[in-house]
Amino acid sequence: MARFRFPSQILSKFFLKPIPRLTPKSCLGIDIGTSSIKIIELSQIGTRVKLENYGETSVLTLYEKPFRTFEKSTLLLSSSDIGKAILAILEETKIQTKSAVFSIPDFSTFFTNFELPPMTKEELPQAINFAAPQYIPLPLSEVTLDWQLIGGKVADRKRTKLKVLLVAVPNEIINQYGEIAKISSLETKFMEAEAFALLRSLIETDKITIGLVEIGAQSTTCSIIDEGKLKSSHSLDVAGNELTQALSKGLGLDYQEAERLKKKYGISPLLREISKPEDKKVAQTLLPSVDSILVEIQRIFQNFFQVEKKGIKKIFLAGGSALLPGLKEYFASVLKKEIEIVNPFTNIFYPPILEKTLKEMGPSYAIAVGAALRGLE
Ligand SMILES: Nc1ncnc2c1ncn2[C@@H]1O[C@H](COP(=O)(O)OP(=O)(O)OP(=O)(O)O)[C@@H](O)[C@H]1O
Ligand SMILES: [Mg+2]
């Protein structure tokens with residue numbers, strides 16, 4: 001008697017539907033800051049975004065110079081030094097992902113907005129190119145343009161005026177980031193201005209007018225977000241380094257000690273009823289630099305109010321210096337607004353053990369997280 005053999009191949013062909021294998025996609029977000037380079041690796045399956053890895057290298061551990069400087073539009077260190085620093089992070093973290101989104105420093109990016117008459121979608125790109133030279137301090141041949149419609153609708157029946165946010169990045173910067181990617185064997189998926197990456201790292205931004213203040217080591221960027229769109233962005237040359245320098249000069253301390261005291265006390269001794277005189281001295285020495293940032297922010301918010309007739313409802317603080325003790329409370333009392341320190345990991349899955357670490361890393365990694373998210377879109 002012939003034995004019956006179960007035709008497994010046939011069975012699987014006719015009865016078992018192949019289970020779709022969801023392969024995660026992953027991307028790196030890379031932020032080359034003045035004081036450190038930060039890398040975030042995110043992966044995505046379906047709508048679930050997961051933190052795979054992160055790494056950072058501080059400039060002081062590798063070179064004596066900052067990675068970039070405010071005065072020049074280019075990076076201070078050579079592309080090769082920065083590329084090597086990135087390679088060192090990738091090696092240490094054992095990150096395998098090659099696809100990367102680089103954030104471009106806001107101070108080397110020109111942001112401007114202007115109005116155009118009503119027109120169709122097809123007419124818009126040409127009209128923007130035609131208008132751009134009036135607003136950009138560099139010849140069009142030397143910049144790469146990007147733009148977003150931030151007001152009005154193309155070819156709507158009401159024939160509204162259009163408002164355009166124009167972003168111009170010097171080609172020199174784009175070329176330099178291209179070289180860095182090549183040296184670090186990464187594939188550049190996008191490059192985007194820091195302000196856009198930072199905006200993406202926030203959640204629930206679409207209902208109110210928001211001030212987004214990013215205080216790094218060398219520069220502070222103050223952006224305004226209205227109905228979820230970036231309306232304006234301004235960079236100032238005052239940030240964490242200046243605070244440390246003020247303390248170092250004012251109290252005759254070496255830079256490391258000044259940095260330590262800045263992070264330990266910040267301006268919080270001034271906000272407490274009782275504090276030791278020496279702690280108060282630290283706070284008093286830091287305050288003028290904090291106030292100079294505050295004055296500029298107020299001016300930017302006031303200008304926006306005068307033009308748009310809209311007040312800022314809430315302020316998000318980002319950048320490493322957002323963690324200056326007492327800063328959040330001080331901003332809240334002077335600006336009389338709700339202040340929140342950015343946590344870009346809110347909607348991202350990660351091992352619970354990292355909760356505390358990520359909360360502290362949040363403000364300084366926000367741009368890198370936003371850049372990595374762009375790569376997953
Ligand atoms: N707990 C803290 N309190 C006060 N300042 C802090 C704290 N932690 C970090 N900083 C400051 O944050 C700064 C670094 O922030 P961040 O990493 O955002 O800068 P960066 O991206 O390297 O610089 P930039 O964006 O200006 O080029 C340093 O000046 C550092 O002293
Ligand atoms: Mg930065």
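The model is predicted, with local features requiring pLDDT of at least 70 and side-chain atom pairs counted only at pLDDT 80 or more, whereas totals for chains, interfaces and linings use all residues. Residues are numbered from 1 along each chain as its sequence is written, and chains are lettered from A and ligands numbered from 1 in the order in which they are written.

The protein chain contains 11 helices and 13 strands; helices (H or I, at least four residues) and strands (E, at least two) are DSSP runs, numbered from the N terminus. Of its 377 residues, 40% count as buried. In this classification a residue is buried if 20 or more other C-beta atoms lie within 10 Å of its own, exposed if 12 or fewer, and partly exposed in between, with C-beta atoms placed from the backbone. Among contacts between residues at least 6 apart in sequence, 66% join residues at least 24 apart, a contact being a pair of residues whose C-beta atoms, placed from the backbone, lie within 7 Å.

One open sheet is formed by 5 strands in the order S3-S2-S1-S4-S8, with mixed pairing; two strands pair if DSSP finds at least two bridges between them. Its edge strands are S3 (48–58) and S8 (187–193), each of which pairs on one side only. Neighbouring strands of this sheet are turned by 20 degrees against each other on average, direction ignored. Strands S1 (residues 25–32) and S2 (residues 36–45) run antiparallel and are joined by 8 bridges, and leucine 28 has glutamate 41 in S2 as its bridge partner. Between S2 and S3, also antiparallel, there are 10 bridges; here serine 36 is partnered by serine 58 in S3. S2 and S3 form a hairpin with 2 residues between them, and glycine 46 in the turn has a positive phi of about 60 degrees.

Two helices were examined against this sheet. Helix H3 (residues 79–93) lies across S1, S2 and S3 and runs at about 125 degrees to S3. Helix H11 (residues 355–376) packs on the sheet, touching S1, S2, S3, S4 (99–104) and S8, and its direction makes about 145 degrees with that of S1. Axes are lines fitted to C-alpha atoms, for helices over the stretch in contact, and angles run from 0 to 180 degrees between N-to-C directions.

A further open sheet comprises 5 strands in the order S11-S10-S9-S12-S13, again with mixed pairing. Strands S11 (229–236) and S13 (338–341) are its edges, each pairing on one side only, and the twist averages 20 degrees from one strand to the next. Strands S9 (residues 210–215) and S10 (residues 220–226) run antiparallel with 6 bridges between them; glycine 211 has isoleucine 224 in S10 as its bridge partner. Helix H9 packs on the sheet, touching S9, S10 and S11, with its direction at about 25 degrees to that of S10.

H9 (residues 277–308) also packs with helix H7 (residues 240–251), at an angle of about 130 degrees and with the axes 9 Å apart. H7 is therefore oblique to H9, given that angles under 35 degrees count as roughly parallel, over 145 as roughly antiparallel, 65 to 115 as roughly perpendicular and the rest as oblique. In this contact, Glu242, Leu243, Ala246, Leu247, Gly250 and Leu251 of H7 meet Lys281, Val282, Thr285, Leu286 and Ser289 of H9. By class, the contact has 6 nonpolar, 3 polar and 2 charged residues; Ala, Val, Leu, Ile, Met, Phe, Trp, Tyr, Cys and Pro count as nonpolar, Asp, Glu, Lys and Arg as charged, and the others, Gly among them, as polar.

Lysine 161 is located between strands S6 (143–151) and S7 (162–170) and counts as exposed because it has 11 C-beta neighbours inside 10 Å. Its C-alpha atom is separated by 6.7 Å from that of glutamate 115, 46 residues apart along the chain. Leaving aside neighbours within four places in sequence, lysine 161 is in contact with Glu115, Leu116, Pro117, Pro118 and Gly152.

Most residues other than glycine have a negative phi. Serine 185, in the loop between helix H5 (171–183) and S8, has a positive phi near 55 degrees. With 11 C-beta neighbours inside 10 Å, serine 185 counts as exposed. Glutamate 227, in the loop between S10 and S11, likewise has a positive phi, near 50 degrees, and counts as partly exposed because it has 14 C-beta neighbours inside 10 Å.
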